[in-house]
Amino acid sequence: QRNAMQHYVARQDRLRVDASSWQNPPWNAVSSQKLTCHMGERPRHFPDTRVKLAYDDQALYLMFRVQDRYIRALARTDQDRVYQDSCVEFFFTPGPDPDQGYFNLEMNCGGTILFHFQTLPRKDPVEIPVSDCARILRDASLPTIVSPEVQDPVLWFLSARIPFDLLSSYTAVTHPEPGKAWRANFYKCADNTSHPHWLTWAPVDLPAPDFHHPRAFGALCFQ
């Protein structure tokens with residue numbers, strides 16, 4: 001069943017990958033979404049997590065803003081288990097039909113990523129080569145390694161750029177333009193911290209946390 005959640009993605013032609021630019025032009029003109037849903041029991045630590053998206057002719061740009069605590073980052077290299085750290089995630093189908101497969105881009109607070117393409121949830125995932133992962137430019141406001149866990153409140157930001165031609169190496173891509181749509185969900189997790197949580201933008205109606213549920217993706221509507 002299709003999720004009714006929608007987010008309108010603006011076109012911007014002056015975007016840079018800069019974690020400090022959430023409130024600066026042109027990002028200050030881009031609307032954000034807040035992750036208000038959760039999987040499993042409601043966590044005691046429910047970090048305020050917001051995301052912005054925009055695009056130009058070559059790439060999709062995203063920026064996360066997280067008011068967090070109990071932060072850690074141990075993953076050192078791309079394709080490590082970043083979901084065990086303080087992590088934000090973007091699962092998306094670059095087109096209107098999630099049955100055509102989806103990417104899961106998972107990024108810890110230090111900017112290290114895990115990036116796969118999946119035709120079916122949790123079945124024979126394609127691990128994107130590290131050389132291709134390097135094409136996803138990113139900038140984090142925190143260092144690569146955060147250890148020991150920081151229990152005090154921290155506001156952190158993460159910015160990334162996803163080239164469309166990278167995605168088209170793995171599946172058909174509906175190029176963003178006014179009137180076109182992709183399907184997606186945004187997540188926040190921290191599996192191996194002292195206060196684990198599994199937050200979502202579009203609700204996922206499952207008894208236990210599982211982000212690999214493309215039928216629950218909302219819509220990204222390009223303007």
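This is a predicted model: local features need pLDDT of at least 70, side-chain atom pairs count only at pLDDT 80 or more; totals for chains, interfaces and linings use all residues.
## The largest pocket

Rolling a probe the size of a water molecule over the atoms shows where empty space is left. Here, the largest pocket has a volume of about 280 Å³. Its lining is made of 17 residues. Closest to the centre are Tyr83, Phe91, Glu106, Arg122 and His212.

Three strands each supply at least two lining residues: S7 (87-93), S8 (102-108) and S9 (113-118). Strand S9 gives the most, with three residues. Eight of its residues are nonpolar, four are polar and five are charged.

Six of its six residues are buried. Both of its faces are covered. On one side sit Ile113, Phe115 and Phe117. On the other are Leu114, His116 and Gln118.

S9 runs antiparallel to S8, and six bridges join the two.

## The nonpolar cores

The largest nonpolar core has 41 residues. Those with the most contacts inside it are Leu60, Phe90, Met107, Phe115 and Phe186.

Take Phe90 as an example. Leaving aside neighbours within four places in sequence, Phe90 touches residues from several parts of the sequence, including Leu60, Phe103, Ile162, Phe186 and Leu220. Its contacts also include two asparagines, Asn104 and Asn185.

## Two residues compared

Is Ala160 buried or exposed? Ala160 has a relative accessible area of 1%, so it counts as buried. This residue is in strand S13 (residues 154-163). Setting aside neighbours within four places in sequence, its contacts include Val17, Leu60, Met107 and Ile136. Val30 is 130 residues away along the chain, and the two C-alpha atoms are separated by 15 Å.

Ser131 sits in helix H1 (residues 130-133). Its relative accessibility is 54%, so Ser131 counts as exposed. Ser131 and Asp78 are 53 residues apart in sequence, yet 9.5 Å apart in space, C-alpha to C-alpha.

## Backbone exceptions

Most residues other than glycine have a negative phi, and most peptide bonds are trans. Which residues have a positive phi although they are not glycines? Gln79 is one, with a phi of about 80°. Asp124 is another, at about 50°.

Both lie in loops. Gln79 is in the loop between strand S6 (71-73) and S7, while Asp124 is in the loop between S9 and S10. Their accessibility sets them apart. Gln79 is at 14%, so it counts as buried. Asp124 is at 65%, so it counts as exposed.

The bond from Pro25 to Pro26 is cis, with omega near -5°. Pro26 is in the loop between strand S1 (6-11) and strand S2 (32-34). The bond from Ser147 to Pro148 is also cis, with omega near 5°. Pro148 belongs to strand S12 (residues 146-150).

Note on methods:
Residues are numbered from 1 along each chain as its sequence is written. Side-chain values use heavy atoms; hydrogens and water are left out. On a 1 Å grid over the protein atoms alone, a cavity is a set of points where a 1.4 Å probe fits but cannot get out, and a pocket is an open set with protein on both sides within 12 Å along at least five of seven lines; lining residues have an atom within 4 Å of a point. Grid points are joined across faces, edges and corners, and a volume is the space filled by probe spheres set on the points. Helices (H or I, at least four residues) and strands (E, at least two) are DSSP runs, numbered from the N terminus. Ala, Val, Leu, Ile, Met, Phe, Trp, Tyr, Cys and Pro count as nonpolar, Asp, Glu, Lys and Arg as charged, and the others, Gly among them, as polar. A nonpolar core is a set of buried Ala, Val, Leu, Ile, Met, Phe, Trp, Tyr and Cys residues joined through side-chain atoms within 4.5 Å. Buried means under 20% relative accessible area, exposed over 50%, partly exposed in between (1.4 Å probe, protein chains only). Contact means heavy atoms within 4.5 Å. Two strands pair if DSSP finds at least two bridges between them.
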